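The sequence and structure come first.

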Amino acid sequence: MLGRAVVVFLYFVLVSLFGVFLRWSDVLGDLICFYCSHQQVPKIYDYVIVGGGSAGSIIASRLAEDRSKSVLVLEAGKYDSDLLHIPSMGLLLQNSPYDWKYKTVPQERACHGLVNSSSVWPMGKILGGTSMLNNMLYTRGHKQDFDGWFEKHENYKYSDILYYYEKLEKHSIFVRDIIFHTVLPEIILSAAEHLGYPILDDNMDCEVGYSKPKAVLDEGKRWTTADVLKQNKDENLVIQLGCMVEKVLFRDNYEAYGRLVW
Ligand SMILES: Cc1cc2nc3c(=O)[nH]c(=O)nc-3n(C[C@H](O)[C@H](O)[C@H](O)COP(=O)(O)OP(=O)(O)OC[C@H]3O[C@@H](n4cnc5c(N)ncnc54)[C@H](O)[C@@H]3O)c2cc1C
């Protein structure tokens, strides 16, 4: 009993210390952003990506593979630190300076167990975006969803989508089996088998059934799309943090020609 109380006490001490760390790393992040915004960087780019989150980071790094093109990433959030890559810390980033802290309006038909019938919608405000605070579980999108999206396209083949999934999994992101398990997955799998559900080797093809999950991890560390950006040391890719884009200006043909940033 005493042992358990000590563990709970230590847990709360660690969580409090982490809270202090988050506050100070936010201040440090402001200083780094201030320094970066006073660096000399080119004024004109071939591509400007707004948001260095899950999608934006991958798009920017792919575009920058063409060394003849220059790419600018404008990210409202700040730099991440190694400590934030401890997988269980993701939950503590919610409602911190690294979260946009969105809340829904009070719901008429949902969230009745929550304060003001309003639900929190966490979203990462940091390089890497929500991949810095999500649960890291990985699965491919379902084939039937893609079939629905492209039903009017004659040349559509799911194998084209699969090609890009495999490219992403091979070259850009780290998809791994989760190695630390309690006995719970085995119990759930045997219960599902007992009830006659299919047991799958993995959840990659989104078939209906039960399997152990795969996660986006690199040697036990949270892997985020910001890692892809940070690996790229080429001068044609510039990342500006602490840049909140207020407006994207479009021409009549929907071509973007400018952004308002502060
Ligand atoms: C708690 C939680 C757990 C989740 N768990 C999983 C999971 O296990 N598996 C899974 O597949 N998905 C999970 N998701 C969902 C997944 O993380 C998101 O769908 C995905 O990260 C969204 O990617 P995105 O590129 O659209 O946006 P984001 O990754 O959020 O990127 C948007 C980026 O744009 C920046 N930005 C926004 N507005 C501006 C602006 N005006 N100017 C400049 N920058 C701006 C933001 O700061 C952010 O960095 C989870 C989500 C949450 C909230």
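Helix α6 (residues 184-194) has 11 residues, of which the number buried is zero, so the helix lies largely in the open. A residue is buried if 20 or more other C-beta atoms lie within 10 Å of its own, exposed if 12 or fewer, and partly exposed in between, with C-beta atoms placed from the backbone. After α6 comes Gly196, which has a positive phi near 90°. The model is predicted: local features need pLDDT of at least 70 and side-chain atom pairs count only at pLDDT 80 or more, while totals for chains, interfaces and linings use all residues. Residues are numbered from 1 along each chain as its sequence is written.

**Overall make-up**
- The chain holds seven helices and 11 strands; helices (H or I, at least four residues) and strands (E, at least two) are DSSP runs, numbered from the N terminus.
- Of the 262 residues in the chain, 19% are buried.
- Among contacts between residues at least 6 apart in sequence, 64% join residues at least 24 apart; two residues are in contact if their C-beta atoms, placed from the backbone, lie within 7 Å.

**Parallel sheet**
- Three strands form an open sheet in the order β1-β2-β9, with parallel pairing; two strands pair if DSSP finds at least two bridges between them.
- β1 (47-50) and β9 (237-241) stand at the edges with a single partner strand each, so one side of each has no neighbour in the sheet.
- From one strand to the next the twist averages 15°, where axes are lines fitted to C-alpha atoms (for helices over the stretch in contact) and angles run from 0 to 180 degrees between N-to-C directions.
- Four bridges link β1 to strand β2 (residues 71-75) in the parallel sense, and Tyr47 stands opposite Val71 in β2.

**Antiparallel pairings of β7**
- Strand β7 (residues 214-218) runs antiparallel to strand β5 (residues 137-138), joined by two bridges; Leu137 has Ala215 in β7 as its bridge partner.
- Strand β6 (residues 175-177) pairs with β7 over three bridges, also in the antiparallel sense, and Asp177 has Lys214 in β7 as its bridge partner.
- With strand β8 (residues 221-222), β7 pairs in the antiparallel sense over two bridges; the bridge partner of Leu217 in β8 is Arg222.
- The hairpin of β7 and β8 has two residues between the strands, and Glu219 takes a positive phi near 50° there.

**Nonpolar core**
- The largest nonpolar core has 22 residues, and Ala60, Val71, Val73, Leu127, Met132 and Leu229 have the most contacts inside it. Such a core is a set of buried Ala, Val, Leu, Ile, Met, Phe, Trp, Tyr and Cys residues joined through C-beta atoms within 7 Å.
- At least two residues of this core come from each of β1, β2, α7 (225-231) and β9, and β2 gives the most, with four residues.
- Leaving aside neighbours within four places in sequence, Leu127 is in contact with Gly52, Glu75, Gly77, Tyr79, Asp80, Ala226, Leu229 and Leu241.

**Ligand shell**
- Around the ligand are 26 residues, of which Gly51, Gly53, Gly129, Asn134 and Asn135 come nearest; a residue is near a molecule or strand if its C-beta atom, placed from the backbone, lies within 6 Å of it.
- α2 (54-63) and β2 each supply at least two residues of this shell, and α2 gives the most, with three residues.
- The shell divides into 12 nonpolar, 12 polar and two charged residues. Here Ala, Val, Leu, Ile, Met, Phe, Trp, Tyr, Cys and Pro count as nonpolar, Asp, Glu, Lys and Arg as charged, and the others, Gly among them, as polar.
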